[in-house]
Amino acid sequence: MILPVLRHLTYISSSTYLTWQKCQHKVYLTKLAGHPYLPPNVGASAIMGTCFDAIIKDYLAKKKGINNPILKLDRVFKEIKHEDKDAVIANAYVVAGQYIKHGLADKLLASQDIKLEQELYRVINGVPILGRLDAILDGLPFDWKTRGFYSKYTASPHANYAYKVSGISGEVTAPNTTPLFDLEEINPAWATQLIFYNWLVGKFSDFYFRVHEVCHQKKDIIFVEYEGTISDEFANKLFGNVKKMWEQIHDDRYNATIAEPQPSYDLCHEYNCQCEAAVYCKSYERWLERSSKDELELA
Ligand code: SF4
């Protein structure tokens, strides 16, 4: 579809790119169509991730004497809009306390240079890229992930962890040798985000990642460290796609080329939250009319 561009995208972030991969029309409706800003509908699981990150960053900042107004906890919490906000924040404090108690934060404090919540911008072969990195440790990108909170599904760590500790028993499991592996093999979305971050810190080969993941299980919280590489092949293909996205949006001054949306329950209700662009999405409206009540309830 050729659609008029009334507001311009001034850069591509990893999250906008990942949204584009799922539904180009959503990027169009939220960023290019001229509608008022549509705040994303986020569930308790996403808020848990935000709060956990913020508490740990606050802890690291205090330990390292970093003074950054973006890290102030009252500011972060004030911006959260959710009916269960207070309960989620309280839960995040409990989980963050376990993370610190089991020495995961100390692993990060071993870095000489720590930058937190750092926004970076770079133009690569004509494509402007922007990202806000959770942390940069000695010049390399680091990210926290949380999974399984406020979900009916329990989260299990990927097999290739470098270090794992149970929040309840404190049992540590670490393979004999650090398993270096290509991140795209276990999680292409994480690999995409971490390649953006590598580009932003100025790494264009020997792509590296380090991630701490918090997995919520029925009776335990598991803290996991992953460390490894991302292949040049994956990064090159990714850049080709990012460039193509930029061209589809910018090559024609007044119009963008947007793929037809393909609404489905999973696409339009990710993490059980309705897509914020659904209010303007005619395809979604038609899909909803076609879908029977039973189908929607089953989903
Ligand atoms: S409602 Fe569904 S099809 Fe429409 S923009 Fe959102 S994700 Fe895409």
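This is a predicted model: local features need pLDDT of at least 70, side-chain atom pairs count only at pLDDT 80 or more; totals for chains, interfaces and linings use all residues.

Colleague: Fine. How many helices and strands are there in the protein?

Modeller: The protein has 11 helices and 9 strands. Its radius of gyration is 20 Å, close to the 19 Å that the globule rule gives for 299 residues, so the protein is as compact as a globular protein of that length.

Colleague: What box do the C-alpha atoms fill?

Modeller: Roughly 55 × 50 × 35 Å, taken along the principal axes.

Colleague: And how much of the protein is buried?

Modeller: Buried residues make up 30% of the 299. As for contacts with a separation of 6 or more, 74% join residues 24 or more positions apart.

Colleague: New topic, the ligand. Which residues come nearest to the ligand?

Modeller: Cys23, Pro261, Cys268, Cys275 and Cys281, out of 14 residues around the ligand.

Colleague: Which helix gives the most to that shell?

Modeller: α2, with 3 residues. Helices α2 (24–32), α9 and α10 each supply at least two.

Colleague: What classes of residue are in the shell?

Modeller: The shell has 11 nonpolar, 2 polar and 1 charged residues.

Colleague: Let's pick Cys275 from that list. Where is cysteine 275 found?

Modeller: In the loop between α9 (265–268) and α10 (282–290).

Colleague: Is cysteine 275 buried or exposed?

Modeller: Buried. The cut-off is 20 or more other C-beta atoms within 10 Å, and cysteine 275 counts as buried because it has 25 such neighbours.

Colleague: What is cysteine 275 in contact with, leaving aside neighbours within four places in sequence?

Modeller: Lys26 and Cys268. By contrast, the C-alpha atom of phenylalanine 223, 52 residues away along the chain, is separated from that of cysteine 275 by 30 Å.

Colleague: Back to α2. How do the axes of α1 and α2 cross?

Modeller: The axes of α1 (residues 14–22) and α2 come within 5 Å and cross at roughly 130 degrees. The two helices are therefore oblique to each other.

Colleague: Which residues make the contact?

Modeller: On the α1 side, Thr16, Thr19 and Trp20. On the α2 side, Gln24, Lys26 and Val27. By class, the residues of this contact divide into 2 nonpolar, 3 polar and 1 charged.

Conventions:
Residues are numbered from 1 along each chain as its sequence is written. Helices (H or I, at least four residues) and strands (E, at least two) are DSSP runs, numbered from the N terminus. A residue is buried if 20 or more other C-beta atoms lie within 10 Å of its own, exposed if 12 or fewer, and partly exposed in between; C-beta atoms are placed from the backbone. Two residues are in contact if their C-beta atoms, placed from the backbone, lie within 7 Å. A residue is near a molecule or strand if its C-beta atom, placed from the backbone, lies within 6 Å of it. Ala, Val, Leu, Ile, Met, Phe, Trp, Tyr, Cys and Pro count as nonpolar, Asp, Glu, Lys and Arg as charged, and the others, Gly among them, as polar. The radius of gyration is taken over C-alpha atoms; the globule rule is 2.2 Å times the number of residues to the power 0.38. Axes are lines fitted to C-alpha atoms, for helices over the stretch in contact, and angles run from 0 to 180 degrees between N-to-C directions. Angles under 35 degrees count as roughly parallel, over 145 as roughly antiparallel, 65 to 115 as roughly perpendicular and the rest as oblique.
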